[in-house]
Amino acid sequence: MSETTSVVRQGVGESARRPDAALKVTGEFAYASDLWLEGMVWGVTLRSPHASAWIRSVDVSAALAMPGVLAVLTHEDVPGEKFYGLEHKDQPVLAIDQVRYQGEPVALVAAEHPETARRAAAAIVVEYEIREAVTDPRLSREFVRRQPVLQGDTFHAEVVVRGEYEVGMQDQAFLGPESGLAVPAEDGGVDLYIATQWLHVDRDQLAPCLGLPPEKVRLTLSGVGGAFGAREDLSMQVHACMLALRLGRPVKISYGREESFFGHVHRHPAWMRYEHGASRDGRLVYVKAEILLDGGAYCSSSPAVVGNAASLGVGPYEVPNVDVVATGVYTNNPPCGAMRGFGAVQACYAYESQMDKLAEACGLDPVEIRVRNAVSQGSFLPTGQEIDTPAPLADMLRQLAAMPLPARNDGDLRSLPGGVSQTTHGESVRRGVGYGVGIKNICFSEGFDDYSTARVRAELVGGEPHVTVHTAAAEVGQGLVTIQAQIARTELGVDHVTVATADTQVGSAGSSSASRQSYVTGGAVKAACEAVRERFQGLSAREALEKFGAVEETREYRHRPTYPLDPATGQGASHTQLALCVHRAVVDVDVELGLVKVVELAAVQDVGRILNPQALEGQIHGGSAQGLGLALMEEIQVRDGRVLNPSFTDYLIPTILDMPPMELRILENPDPHAPYGLRGAGEPPTLSSTPAIAAAVRDATGLALPRVPIRPEDIALAE
């Protein structure tokens, strides 16, 4: 993807137009699923129908005999290492002697036509010996990570509230399924055009499996139709490359929607037990918590998810005594990994539900109890890490509470729950209001070498100064290409900026996750631009380029160091930056039918510095939408290890009709450690929107509702 600007300079702080906006609206934008090359063939993956089984034999003869079939590969055909993984190499390229989850890849087929490939895959005969699957994480004895966070020694108080909470398995549900095109190269390597979140980590996992040095595995970013964490792990990358290298022809693999549900990780389901103790005036004395996360069949990023859940497990509140233990386990359920909010979402639902319970027990307003316990700059997390940047949580809550509430229904049935279906005239509709607060770490944590690289070249083109920015940072829909260009315009005072297509021909930019790219890649682009500007020797861009010719600089940017959590106590300055968002939800609930309509979401978020106002608002709206989905409708139904709803017919995501009007108040309290003082903004709204909506439904119904998503039967059939 590239951007060439008009002559109107749109720098940092402006709502610069996205270069892909018109193309996406008109349907002309090229996604990875649109990739095409003359002579290419199609790849298809055969997947296990079982959650847990031994593989006794694989017979590919019938598939190979079909006209148009070019290759059938099994684990025996993997040219290099047979395992890969983000943090631990525990996932087989193709199943070897067993399968550990429904949907595990077993064999690959390449054919001249995609339908031929699908028929051939169906003709492969695999003899399975089914074994008992471990699908209840509470019964698993295989641990990914166990992380306590311990502080203080006083665990008795005047007021005590307890609760058990559950969060279902949410899918990232991006609209562009996994797809890519692998092209064999003359040097024996392979070029992969792919929709991903992290080009270099893909390459570093691919190369050993292909038996190639990293420099012979070249990746170029293709159009990405959303990500939200699911594209951090490999899906079809190694499979397409294996087939291309075997055949010496380009191979395209493109998942359908059902296969996409099996082809990527999901949000970890969670089971949580909390106990909060406070003084009678609502001041927190202690929090105890047990957080159990189902990591599914393979490790993926579960260790980091566990670390986030543990370190942020009590929320943005001052608590002198803490005993939190977060545990991730293996099961034979679908693998779980990164999804927007990354471990903090699950904990947030539980601790915010507890704060509402505590407010009621202390006779306090739900906003007031949060204000009384709110962190601020100078507070310490239970891990011992100081919050050394602005954290105006109490003020954010007061501003939120002061925002006007929406008017009551004016009699229009269409604005009631189920109203367009004529299910009610309002006789059983109750209104509720709820609040939610979330705290999310920004960038990678626990000592990870988190950096980005940017190459900036300035030259005269047609007599005008022109700048090209080249990074490997993945544009996944968040507007990163636009931000990079805005930074270059601001730092170099030029109008014409091109952002080159991201690929592995420049140094790593890390993953487009953890709300980190504006911070880290933005920092790298800023640093490279500053280096170019120094070469101008005080001259304008035009004068310098006329005098010196083209100027090019490459810079890496690293944020301040972080440190691993102590495995026994959970102490350590593990996070780079912390971000806060608060939500108020207003809902109407039909208590007889269990239908919920979110009438309004109001949010206050501190972003440090606004780089692009319109893009920022879009991030807050989008994060809130995913939080609404988790609160009311989104869940992968898994029974005995089998996914029951791998389609958008049965896996429901919010549409434009489900999203309410949003009132936003965006604060700018700069972080002195970050480029431009910015604070990552994409994830925090996902945290606080879910508990706010759940709290509003509780307020309307009087029900405990300890689980999300809240289903109609949880309300209508409650005893």
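## Reading aromatic pairs and a sheet

Reader: How should I read the accessibility of Tyr 349: is this residue buried or exposed?

Author: A residue counts as buried when its relative accessible area is under 20%. In this predicted model, Tyr 349 has a relative accessible area of 1% and is therefore buried. Tyr 165, at 5%, is buried as well.

Reader: How many aromatic pairs does a search of the whole structure find, and which geometry do Tyr 165 and Tyr 349 adopt?

Author: The search finds twelve aromatic pairs. Planes over 60 degrees apart count as edge-to-face; the rings of Tyr 165 and Tyr 349, with centres 6.1 Å apart, have their planes at 85 degrees, so this pair is edge-to-face. The pair links distant parts of the chain, since Tyr 165 belongs to strand S10 (residues 159-167) and Tyr 349 to helix H8 (residues 344-362), 184 residues apart.

Reader: What is the geometry of the pair formed by Tyr 519 and Tyr 557?

Author: That pair is tilted, with 6.4 Å from centre to centre and 50 degrees between the planes. Because Tyr 519 lies in helix H12 and Tyr 557 in strand S22, the pair ties together parts that are 38 residues apart in sequence. Tyr 519 is buried at 0% relative accessibility, and Tyr 557 is buried at 17%.

Reader: Turning to the sheet of seven strands, what is its strand order, and which strands stand at the edges?

Author: The sheet is open, with mixed pairing and the order S3-S7-S1-S14-S11-S12-S13. Strands S3 (69-73) and S13 (217-221) stand at the edges; each has a single partner strand, so one side of each is left without a neighbour in the sheet. Neighbouring strands are turned by 20 degrees against each other on average, direction ignored.

Technical notes
Residues are numbered from 1 along each chain as its sequence is written. This is a predicted model: local features need pLDDT of at least 70, side-chain atom pairs count only at pLDDT 80 or more; totals for chains, interfaces and linings use all residues. Side-chain values use heavy atoms; hydrogens and water are left out. Two strands pair if DSSP finds at least two bridges between them. Helices (H or I, at least four residues) and strands (E, at least two) are DSSP runs, numbered from the N terminus. Axes are lines fitted to C-alpha atoms, for helices over the stretch in contact, and angles run from 0 to 180 degrees between N-to-C directions. Rings of Phe, Tyr and Trp (its six-membered ring) pair if their centres lie within 6.5 Å; planes under 30 degrees apart count as stacked, over 60 as edge-to-face and the rest as tilted. Buried means under 20% relative accessible area, exposed over 50%, partly exposed in between (1.4 Å probe, protein chains only).
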